[in-house]
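Subject: Handover of a structure

Dear colleague,

Please find below the sequence and structure that I am handing over to you. My account of what was found follows directly after.

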Amino acid sequence: MTEIAGGLAGGIAVHGAAALCVCGALWWTAERRRALHRARSVLALPGGGEARWPAAFGRWRDLAGRRPEWLCLPLAGLLALVGASVLPLLAGAAAVPLVGRRLRAAREWREREARADGVAALCGAVAGELRAGWQPAQALAFAARSTGALGAQEAAVLAAARFGGDVPRALRRAARQDGADGLAGLAACWQVAVDGGAGLAAGLDRLEAALRAHRDQRERLRAQLAGAWATVAVLAVLPVAGLGLGAALGARPLRVLLHTPAGLGCLAVGGALEALGLWWATRIVRRGEEP
């Protein structure tokens, strides 16, 4: 009986290693073909003799680069092959939209942070150009093009500044973008400078200092919450580590979880508790990040 179990474990290990080798070889082939295609595009070399069969894998790699959440499917397929069950494949398909939403949220957060930094840089650039002797409209146009802080509203704001339109109103409309709240302060400074004759450069200097101080405060808060995020990551990795430890001890946890009624029940209850714990811990940490 022990020899049979050892043979099964060895067969699973061999199949898993073979699947990993095949995936690695296909990935390397697609990467090599992409590099050759770039070289031929740059050097204008003919590519008629190139094999066509890696094209599908190159397209899959490009798709994975644009949409990384689709990598859940090959990983789930490998787990399904090792565990000899279709359940990991179904779980991987269900995880694709969840992972995609999480990745999109992270990308939007990075864009929001970059736009907030761009607004602070815009205020400093406009103040510097004003001190160099430029007119406010010219300074705003040059700083907006160099920083890109106005985003989709750049054309409307620059048109209002160039043709004598309502610049504060255009800036307030641009401030509705995520992370561009500082543009409302720029609009207020512009309004005060136009109506009351106050110095625009001095007001922009104070606004830039306030925006950078707010950014530093966010960074300090994020650094203080790094330990909490590490705890959330450990909570997410613990079940995988437990499965790996069980497999190393020869307990065959995947076979128990995927092919026995008690294992399926434990898998359902444990997965629900794990998802609930991750959601609750993430909610607590995100509440701490709120201003």
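Axes are lines fitted to C-alpha atoms, for helices over the stretch in contact, and angles run from 0 to 180 degrees between N-to-C directions. Helix α6 (residues 154-162) and helix α7 (residues 167-174) pack at about 170°, with 9 Å between their axes; α6 and α7 are therefore roughly antiparallel to each other. Their contact (heavy atoms within 4.5 Å) is formed by Ala156, Val157, Ala160 and Ala161 of α6 together with Val167, Ala170, Leu171 and Ala174 of α7.

Please note that this is a predicted model, in which local features need pLDDT of at least 70 and side-chain atom pairs count only at pLDDT 80 or more, while totals for chains, interfaces and linings use all residues. Residues are numbered from 1 along each chain as its sequence is written, and side-chain values use heavy atoms, with hydrogens and water left out.

The protein chain has 12 helices and 0 strands, these being DSSP runs numbered from the N terminus (helices: H or I, at least four residues; strands: E, at least two). Buried residues (under 20% relative accessible area; exposed is over 50%, partly exposed in between, with a 1.4 Å probe and protein chains only) make up 25% of the 291 residues.

Two individual residues may be of interest. Arg252, in the loop between α10 and α11 (253-259), has a positive phi of about 50° although it is not a glycine. Arg252 is partly exposed, at 31% relative accessible area. Ala184, in helix α8 (residues 182-196), is also partly exposed, at 36%. Ala184 and Ala170 are 14 residues apart in sequence, and their C-alpha atoms are 9.7 Å apart in space.

Finally, a pocket is an open set of points on a 1 Å grid over the protein atoms alone, where a 1.4 Å probe fits, with protein on both sides within 12 Å along at least five of seven lines; lining residues have an atom within 4 Å of a point. The second largest pocket has a volume of about 970 Å³. Its lining has 30 residues, with Trp109, Arg112, Glu113, Arg218 and Arg222 nearest the centre. Helix α4 gives the most to this lining, with 12 residues.

Yours sincerely

Note on methods:
Grid points are joined across faces, edges and corners, and a volume is the space filled by probe spheres set on the points. Angles under 35 degrees count as roughly parallel, over 145 as roughly antiparallel, 65 to 115 as roughly perpendicular and the rest as oblique.
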